[in-house]
Amino acid sequence: KWMTWLGIIVIVTINWLVVTPTAVYACSCASPGSPRAELGRSTAVFAGKVTSIAARDWLVISSADPVKVTFQVSEVWKGPEQATLAARTARSGMSCGYSFEVGKEYLVYANGSETNLEVSLCSRTALLATAVTDLTALGAGIIPAPDSQGSVIWLSSAFFMLLGLFLIMARSEE
């Protein structure tokens with residue numbers, strides 16, 4: 001009988017060691033450098049207000065799932081000088097994702113490529129109101145021009161309105 005109990009104890013112990021995770025890993029970051037050092041290392045550094053956050057809702061959700069954050073940019077120190085920029089981050093801080101909130105303004109340090117920006121909890125990204133040290137060190141940035149897409153739509157609308165007026169006036173003279 002003691003052999004049966006010993007067998008059960010061995011099986012339970014082996015099962016516990018194999019199935020039960022022994023360590024849980026969370027986001028671990030080295031301290032970021034100075035604002036100037038991080039400016040040099042980053043692909044883009046800008047200030048902007050979060051206008052939307054889009055995450056895919058899958059059947060299985062992971063803390064590492066990408067979330068697309070869209071910003072209305074107010075100032076640029078490095079990277080694309082556009083009025084609207086999008087960046088990705090992980091869904092959760094457990095996977096080093098930055099927790100942005102719609103309507104709040106941030107100073108963003110992003111990496112990746114200019115067309116595929118990524119933001120990490122490990123960067124100097126912070127609420128704009130608390131980034132006084134960074135803003136002082138970075139100095140004045142560039143204010144981006146409004147997105148040209150809106151201008152093109154306005155110009156094409158104006159063109160067709162004037163063309164319509166011209167045609168109406170030409171018909172009335174006949």
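Helices (H or I, at least four residues) and strands (E, at least two) are taken here as DSSP runs, numbered from the N terminus. I am working from a predicted model, in which local features need pLDDT of at least 70 and side-chain atom pairs count only at pLDDT 80 or more, while totals for chains, interfaces and linings use all residues. Residues are numbered from 1 along each chain as its sequence is written, and side-chain values use heavy atoms, with hydrogens and water left out.

I looked up L6 and placed it in helix α1 (residues 2-19). With buried meaning under 20% relative accessible area, exposed over 50% and partly exposed in between (1.4 Å probe, protein chains only), L6 is partly exposed at 42%. I then found L6 in a nonpolar surface patch with W2, M3, V10 and I14, which together have about 550 Å² of accessible area. Patches are built from residues with over 30% relative accessible area and no salt bridge, like charges being joined within 9 Å and nonpolar side chains (Val, Leu, Ile, Met, Phe, Trp, Tyr) within 5 Å. The areas come from the Shrake-Rupley method with a 1.4 Å probe, and for residues only the protein chains shown count as cover.

I took a disulfide as a pair of cysteine sulfur atoms within 2.5 Å, and the count came to 1. The bond joins C29 to C122, with an S to S distance of 1.8 Å. C29 lies in the loop between α1 and α2 (35-41) and C122 in the loop between β5 and β6, so the pair ties together parts that are 93 residues apart in sequence. The torsion about the S-S bond is about -65 degrees, so I note the disulfide as left-handed. Both ends are partly exposed, C29 at 36% and C122 at 23%.

I counted 4 salt bridges, each being a side-chain nitrogen of Lys or Arg within 4 Å of a carboxyl oxygen of Asp or Glu. One of them pairs R124 with D134 at 2.8 Å, N to O. R124 lies in the loop between β5 and β6 (126-127) and D134 in helix α3 (residues 132-138), so this pair ties together parts that are 10 residues apart in sequence. I noted D134 as buried, at 6% relative accessible area.

I also found E118 bridged to R88, with the closest N and O atoms 2.8 Å apart. Here strand β5 (residues 116-118) holds E118 and strand β3 (residues 84-90) holds R88, so the linked parts are 30 residues apart in sequence. E118 is partly exposed at 36%, as is R88 at 34%.
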